Amino acid sequence: MRSTRRTTFRTAAVVAGAATVLALPVGSAFADSPAVPEPEVLPGIEQPPVVRAFVTTVKLADGSVAKVYRIGKSHFEADIFAGSTKLDTLVGRGGAASYGRSNGLHVVLQPNGTVTSWLDGAPKPRPKPKPKPEVESSVRVAMPDGRIAKLVDGPRGKYAVVSMPNGHVLGTVDLKRPSAQNDGWTYKLVRDGKRVKFVVVDGKGGGNSWVYDFDGRLIERYTVDAPQPKKDRVRVVPSGGGMAASGPAGLGFAVVPARG
């Protein structure tokens, strides 16, 4: 598509595999494309001006360029240039792509403004596959306090919804608000390297805790030993009177609680 070669650029609209010849601008030098009459303008009715908003410049397979303009929703136009010479304009609109060919170069303009090109003998570029939508997964966990945690992993990231068995939601924790409390129990998310864990802490029972992964499995459990009450030790000392017990040889002993 250099300015020094013959520029016979053919354009066609591609709709469901069928190609039709597109109209070229008045004064175009591409004689092999038939002329199409200009649309009739009714007397007294002014046509709204067409606004072409520049979008980008795309380098084509042979080194020429396509300058892409947005005309409206699902309506783009691409001016094809070889150096400073304008070869043609491709129009992609309303679900129909526009196809052009010149001296072994093939160019396609899609209605979303995407331009692809290839040369004769080269494989036709395949459209990029659309990214698969992210899928949200969740699992329900029956917690030791009798409540339910719904552990969710999806486009919003990982979070947990805590509710009563009847479905009444008590609250939600995520990595921005990782902790919540209710009736002496604490629910929180903890990041452990690349993993995120859901932790349930029994504040009433001294701090026993249960740790779940986002598959709903109990992977850790911690038990806090409650302090045992101190038992009084009894020591026996000689006593000269008062409350006394009779020991060997009639010696009196008093019972005194030991400290510590």
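User: What should I know before I start?
Analyst: The model is predicted: local features need pLDDT of at least 70, side-chain atom pairs count only at pLDDT 80 or more, and totals for chains, interfaces and linings use all residues. Residues are numbered from 1 along each chain as its sequence is written, and side-chain values use heavy atoms, leaving out hydrogens and water.

User: What pLDDT does the protein chain average?
Analyst: The average is 76, and 68% of the residues score at least 70. pLDDT is the predictor's confidence in each residue, from 0 to 100.

User: Which elements have the lowest and highest mean pLDDT?
Analyst: Strand 2 (residues 18-21) is lowest at 35; strand 17 (residues 208-212) is highest at 96. Strands are DSSP runs (E, at least two residues), numbered from the N terminus.

User: Where is pLDDT below 50?
Analyst: Residues 1-7 are one such stretch, with 23 contacts in the model beyond near neighbours in sequence. Residues 241-256 are also below 50, with 27 such contacts. Contact means heavy atoms within 4.5 Å.

User: Where does Asn103 lie?
Analyst: In the loop between strand 7 (97-102) and strand 8 (105-109). Asn103 is partly exposed, at 35% relative accessible area. Partly exposed lies between buried (under 20%) and exposed (over 50%), with a 1.4 Å probe and protein chains only.

User: And what about phi of Asp183?
Analyst: Positive too, near 55 degrees. Asp183 sits in the loop between strand 14 (179-182) and strand 15 (185-192). Its relative accessible area is 47%, which means partly exposed.

Notes
Helices (H or I, at least four residues) and strands (E, at least two) are DSSP runs, numbered from the N terminus.
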